[in-house]
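Please open the model in your viewer and keep the selection tool handy.

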Amino acid sequence: ARRDLSPLAVPDGLTGVLVELLVPLERAFGVREATVVAMRPAFDLGEPGVEELREQTVRLLNFLDLPRDVFGAQLAFNVLPKPVDLRSAQELACLFGWDRPRVAVRSVAVPVFHSHAVALRVSMTREVPGDEVRTVLERAGVRVAGIGEHPTPVDVATERRTVVSGIEADGLGGLWLWAVAGETAA
């Protein structure tokens, strides 16, 4: 069931990153469906998240007990699976005017202070070569990294846009994209 958002609702930072990637693809080719594995930084939980990750890291290296108030577990040097992210899927469906969600989102908390990273598998209404996707994204203002360049969250922490690399066919008619976003997600 489609949920209408208030005109004053502010989309989640991850939704903003996905909109930046999916809007040009929807306009150019039509998005049939997409699957996202989102690596979420500590900053998604605000300053308390950043502080707890910092404190966990320091304490772990000093063999001390770790605080777990924000994350509920050890995030430092670890990865924590999160529930399926229905909020982003619903926000995207509403923003695009789709009658049902076409994007499935799974989040993972990672030991990164700032910047989102996403592995995005997208299937358009027709099979589209990676070169065409690259051109469409570049025309929309998304920076597409050069061949062999694989930016990380640290590389884009101060950038105000998303950087895409690794546009590769998935063997099923869709494409995988690796994307990292700095301050656009904050």
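Which helix and which strand each supply at least two residues of the lining of the second largest pocket? They are helix 4 (130-139) and strand 6 (162-169), where helices (H or I, at least four residues) and strands (E, at least two) are DSSP runs numbered from the N terminus. Before you select them, note that this is a predicted model, in which local features need pLDDT of at least 70, side-chain atom pairs count only at pLDDT 80 or more, and totals for chains, interfaces and linings use all residues. Residues are numbered from 1 along each chain as its sequence is written, and side-chain values use heavy atoms, leaving out hydrogens and water.

**The pocket**

Now select Arg134, Ala145, Ile147, Gly166 and Ile167, which lie nearest the pocket's centre among its 13 lining residues. (A pocket is an open set of points on a 1 Å grid over the protein atoms alone, where a 1.4 Å probe fits, with protein on both sides within 12 Å along at least five of seven lines; lining residues have an atom within 4 Å of a point.)

**Two helices**

Leu21, Pro24, Leu25, Ala28 and Phe29 of helix 1 meet Glu132, Val133, Val136 and Leu137 of helix 4, contact meaning heavy atoms within 4.5 Å.

**A buried serine**

Finish at Ser88 in helix 3 (residues 86-96). Ser88 has a relative accessible area of 0%, so it counts as buried (under 20%, 1.4 Å probe, protein chains only). Show Asp12, Leu14, Thr15 and Val105 too: Ser88 touches these, leaving aside residues up to four places away in sequence.

Methods: Buried < 20%, exposed > 50% of the residue type's maximum accessible area, 1.4 Å probe, protein only.
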